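Dear colleague,

Please find below the structure I wished to pass on to you. My notes on it follow directly after.

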Amino acid sequence: QVQLVESGGGLVQAGESLRLSCAASGRTFSSYAMGWFRQFPGKEREFVAAISRSSGSTNYADSVKGRFTISRDNAKNTVYLQMNGLKPEDTAVYYCAAYISLTTRTPYTRPGQYNYWGQGAQVTVSS
């Protein structure tokens, strides 16, 4: 089992950058594929980005391609989401998530495919 804690959220202006971090407990972090999701008020949680256990494969939502970058440091048990060129429509609660992965295939994009979740971090982008 893994516990996830997000940090790095906050309030920024449009065009600025933020980096979210997600620290994972446990010794087997490298066994997990990791993802970032976000949730707008009154909406379902939606996929943002994901990375395979060995960083060999990543996946992005079309809405963030070219602006957001997911990365991980298995030595630090941490996954990151670098968000550049933020827009007001990126305002949401961002969640880190994980599932045990036996392969380095392209990581999953559906929330139901992830077993572990963090508590969420608010990102607010003002215009």
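**Strand E9 and its partners**

In this predicted model, Tyr 94 has Ala 121 as its bridge partner in strand E11. Strand E11 covers residues 121-126 and runs antiparallel to strand E9, to which three bridges join it.

Strand E9 itself spans residues 92-100, and seven of its nine residues are buried, so that the strand is mostly covered, buried being defined as under 20% relative accessible area.

Two further strands pair with E9. Strand E4, residues 32-39, is antiparallel to E9, and the pairing extends over eight bridges. Within this pairing, Trp 36 is found opposite Cys 96 of E9. Strand E10, which comprises residues 116-117, is likewise antiparallel to E9 and is joined to it by two bridges. Here the residue that bridges to Ala 97 is Trp 117 of E10.

**The loop residue Ser 52**

I would also draw your attention to Ser 52, which is located in the loop that links strand E5 (46-51) with strand E6 (58-60). Is Ser 52 buried or exposed? Its relative accessibility is 1%, and because buried means under 20%, Ser 52 counts as buried.

Which residues is Ser 52 in contact with, once its neighbours within four places in sequence are left aside? They are Ala 33, Ser 57, Arg 72, Thr 104, Arg 105 and Pro 107.

With kind regards

Notes
Residues numbered from 1 in each chain as written. Predicted model: local features only at pLDDT ≥ 70, side-chain atom pairs only at ≥ 80, totals over all residues. Heavy atoms only, no water. Buried < 20%, exposed > 50% of the residue type's maximum accessible area, 1.4 Å probe, protein only. Helix = DSSP H or I, 4+ residues; strand = E, 2+ residues; numbered from the N terminus. Pairing = 2+ DSSP bridges. Contact = heavy atoms within 4.5 Å.
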